[in-house]
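Please look over the sequence and the model shown here before reading on. The paragraphs after it are meant to be read with the structure open.

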Amino acid sequence: MTFEALRSALARDGSISGPAALAALLSGARWEVPANTASARTLWAIWCDRLDMLVETGEFDPGRLESLAQAVDGLHDAGDTRVYMATVIDPPRRFHVYLSEDLARCVGAWEGHVNEQTPRTAT
């Protein structure tokens, strides 16, 4: 996966988080795309459950919740196709970007947070 393929897919993405992910990418954010793909249907099932949990607990920013809901819808619409799960990391933000297997389009994108944990130390 090249920077240009990710940039191009995000530039054509009409999702809530697509423009912010693209801006982060263009400003030098770290990005990664694993070499393997996953089933959009499997990812949909996982994120659909997590979305329901976040709605129930109310622990997620409403704008980010809407972004995740939109990405979940995109994964649902992709059905059984394979997708790449890219990330654009611009602390404290982490964008999850799901790309079609041919890298031609963005299936969904949403903004989360970088998990920052304080190291545990022995006293």
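The text below goes from the helices to the strands, then to the loops and some distances.

This is a predicted model, in which local features need pLDDT of at least 70, side-chain atom pairs count only at pLDDT 80 or more, and totals for chains, interfaces and linings use all residues. Residues are numbered from 1 along each chain as its sequence is written, and side-chain values use heavy atoms, with hydrogens and water left out. Helices (H or I, at least four residues) and strands (E, at least two) are DSSP runs, numbered from the N terminus.

Begin with helix α1 (residues 3-11) and helix α2 (residues 18-26). Two packed helices are described by the angle between their axes and the distance between the axes. The axes of α1 and α2 come within 9 Å and cross at roughly 150°. Here axes are lines fitted to C-alpha atoms, for helices over the stretch in contact, and angles run from 0 to 180 degrees between N-to-C directions. The crossing angle therefore makes α1 roughly antiparallel to α2. Angles under 35 degrees count as roughly parallel, over 145 as roughly antiparallel, 65 to 115 as roughly perpendicular and the rest as oblique.

Which residues of the two helices meet? On the α1 side they are Phe3, Leu6, Arg7, Leu10 and Ala11, and on the α2 side Gly18, Ala21, Leu22, Leu25 and Leu26. Contact means heavy atoms within 4.5 Å. By class, the contact of α1 with α2 has 8 nonpolar, 1 polar and 1 charged residues. In this classification Ala, Val, Leu, Ile, Met, Phe, Trp, Tyr, Cys and Pro count as nonpolar, Asp, Glu, Lys and Arg as charged, and the others, Gly among them, as polar.

Helix α1 also has buried residues: Ala5, Leu6, Ser8, Ala9 and Leu10. Buried means under 20% relative accessible area, exposed over 50%, and partly exposed in between (1.4 Å probe, protein chains only). The cover over the buried residues of α1 includes α2, β1, β3, β4 and β5.

The strands come next. Two strands pair if DSSP finds at least two bridges between them. Strand β1 (residues 30-32) pairs with β3 (82-90) in the antiparallel sense over 3 bridges, and glutamate 32 has threonine 87 of β3 as its bridge partner. Strand β2 (residues 38-39) also pairs with β3 in the antiparallel sense, over 2 bridges; there, serine 39 stands opposite arginine 82.

At 11% relative accessibility, threonine 87 counts as buried. Neighbours within four places in sequence left aside, threonine 87 is in contact with Arg30, Trp31, Glu32, Arg94, Phe95 and His96.

Strand β3 pairs with β4 as well, in the antiparallel sense over 8 bridges, and tyrosine 84 has leucine 99 in β4 as its bridge partner. These two strands form a hairpin with 2 residues between them. Proline 92 is in the loop between β3 (82-90) and β4 (93-100). The peptide bond from proline 91 to proline 92 is cis, with omega near 10°.

From β4 the pairing continues to β5 (106-113): 7 bridges join these strands, which run antiparallel. Arginine 94 stands opposite glycine 112 in β5. Strand β5 is mostly covered, with 7 of its 8 residues buried. β4 and β5 form a hairpin with 5 residues between them, and leucine 103 in the turn has a positive phi of about 65°. At 22% relative accessibility, leucine 103 counts as partly exposed. Most residues other than glycine have a negative phi, and most peptide bonds are trans.

Serine 27 is found in the loop between α2 and β1 and is exposed, with a relative accessible area of 55%. Its C-alpha atom and that of aspartate 90 are separated by 9.1 Å, although the two residues are 63 residues apart along the chain. Aspartate 80, in the loop between α4 (62-78) and β3, is exposed, with a relative accessible area of 57%. Aspartate 80 and asparagine 115 are 35 residues apart in sequence and 30 Å apart in space, C-alpha to C-alpha.

From C-alpha to C-alpha, cysteine 48 and leucine 25 are 26 Å apart in space, and 23 residues apart in sequence.
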